[in-house]
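This report takes up helix packing and sheet architecture in a single protein chain. The model is a predicted one, and the description below should be read with that in mind.

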Amino acid sequence: MVPLSSISIFTFGFLLLFLCSSSAEQQPFAVDGKVLELDESNFEAAISTFDYMFVDFYAPWCGHCKRLSPELDKASVNLAVLKQPVVIAKVDADKYSRLASKYEIDGFPTLKIFMHGVPTDYYGPRKADLLVRFLKKFVAPDVSVLNSDSAISEFIEEAGKNFPIFIGFGLNESVISHLAVKYKKSAWFSVAKDFSDKTMELYNFDKVPALVALHMSYNEQSIFYGPFEEKFLEDYIKQSLLPLVLSINQDTLKSLKDDKRKIVLTIVEDEDDKRSKGLVKLLKAAASANRDLVFAFVGFKQWQDFAESFEVSKKIKLPKMIVWDGDVEYFSVIGSDSVEDEDQGSQITRFLKGYREGSVIQKHIISDDYKAFRNSMFLIGALILVLVVILVSMMMQSVKEEPSREQVDHPRSSTSLSEAREALRSGDKEDKID
């Protein structure tokens, strides 16, 4: 017979092992600064465990994914120590196809932020330091309440320069809370409860309530005194998400994705030129008075392929102004599409007046496909000429020769307008699934 004491020890040991294993099953994840590797067996448990999780859906063969991986490793360490930590995880979406299908993964890498289990596509920066700054905004309060001048300064410093900042002076947070949630991924929101006259002077408002919008990277600010009904408030917020005049490049073009306003686009020879900078100052003044339009500029030198889509070439006199719908149509204003050196402010005013009065010519952009077709016509002509010469030579020879095959590569720009437009629609998914 087995002694009772032996049974008790055995039972106790079994129960202890059972409890430990159960505890391990209930707490399979840790916030330790390491990137989690998830699969179909534990993915749902992970997004249920953490309030905020940043997920990289990758493929082992994807070059972009391989370059992103060390950036995620570095960012994960800093995100884990936040007051509200963000956990970074990875899923081999090529292997775990059911997860890829469920979350509509059609290219690699695809990045998503899961906030309380709900996914949001991520199109922000991928370098570790910028990624950390970007994600910190997602875990911040929807509306931060600031109770002193020093709190206001600390909030602005912490927010950084990547997103616009809205501060409601003398506003109750309930006034902007709904819109703060709606536009959280695009801006910082706060209300200042207590502040000094010095702060009012610093931010250039003379009465309350007032909503101040700051673009720190552009050294710009604007002030809204109401009315604070949601429609008017939302219009102001939407119009203030972009700077007064946006410099167009492959990155900033994505910021126009959700903006439905027409774009007053000025094409200059070189955006770093002194004359171009002077013109941009005049465009800012026009933008302040025409907030229903987006004002932007691009340098022919900086992005030639983009500029050529609007019938601009080295022979065209610049600066040139057009109004673009952000897709395939644009408008030239009759008699005032180019900007002379003298009295440019008046010329901008005439251009806007002509556009609003409908004195325009509607056009379509020269797409990348058309440019490729146009270039291919020249190449095909040259190829035919070469083939004719070869055939004549063959006929003159008594010995047959196998004609050589020639392969012609059509020239293609590194980033065309059609590709940029596609980026607006689908986001930054660089390696497509075949």
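## Helix 10 and helix 12

In the predicted model, the contact between helix 10 and helix 12 brings Leu279, Leu282, Leu283 and Ala286 of the former against Gln344, Gly345, Ile348 and Leu352 of the latter. Helix 10 spans residues 274-289 and helix 12 spans residues 344-356, and their axes, which come within 10 Å, cross at roughly 45°. Because an angle between 35 and 65 degrees falls in neither the roughly parallel nor the roughly perpendicular range, helix 10 counts as oblique to helix 12. The crossing of these two helices is right-handed.

## Helix 3 and helix 5

Another helix pair is formed by helix 3 (residues 63-80) and helix 5 (residues 128-139), which pack at an angle of about 45° with their axes 8 Å apart. Helix 3 is therefore oblique to helix 5, and the crossing of the two is right-handed.

On the side of helix 3 the contact is made by Glu71, Leu72, Lys74, Ala75, Asn78 and Leu79, while helix 5 contributes Ala128, Leu131, Val132 and Leu135.

## An open sheet and its helices

Five strands, in the order 7-9-8-10-11, form an open sheet whose pairing is mixed. Its edges are strand 7 (144-146) and strand 11 (220-224), each of which pairs on one side only. Neighbouring strands in this sheet are turned against each other by 20° on average, with direction ignored.

## The chain as a whole

These elements belong to a protein chain that holds 14 helices and 18 strands. Of its 434 residues, 43% count as buried, and the chain exposes about 24,600 Å², of which carbon and sulfur atoms supply 55%. Among contacts in the chain with a separation of 6 or more, residues 24 or more positions apart account for 69%.

Notes
Residues numbered from 1 in each chain as written. Predicted model: local features only at pLDDT ≥ 70, side-chain atom pairs only at ≥ 80, totals over all residues. Heavy atoms only, no water. Pairing = 2+ DSSP bridges. Helix = DSSP H or I, 4+ residues; strand = E, 2+ residues; numbered from the N terminus. Axes fitted to C-alpha atoms, helices over the stretch in contact; angles between N-to-C directions. Buried < 20%, exposed > 50% of the residue type's maximum accessible area, 1.4 Å probe, protein only. Contact = heavy atoms within 4.5 Å. Areas by Shrake-Rupley, 256 points an atom, 1.4 Å probe, with all protein chains shown as cover. Parallel < 35°, antiparallel > 145°, perpendicular 65-115°, else oblique. Left-handed = near helix turned anticlockwise from the far one by under 90°.
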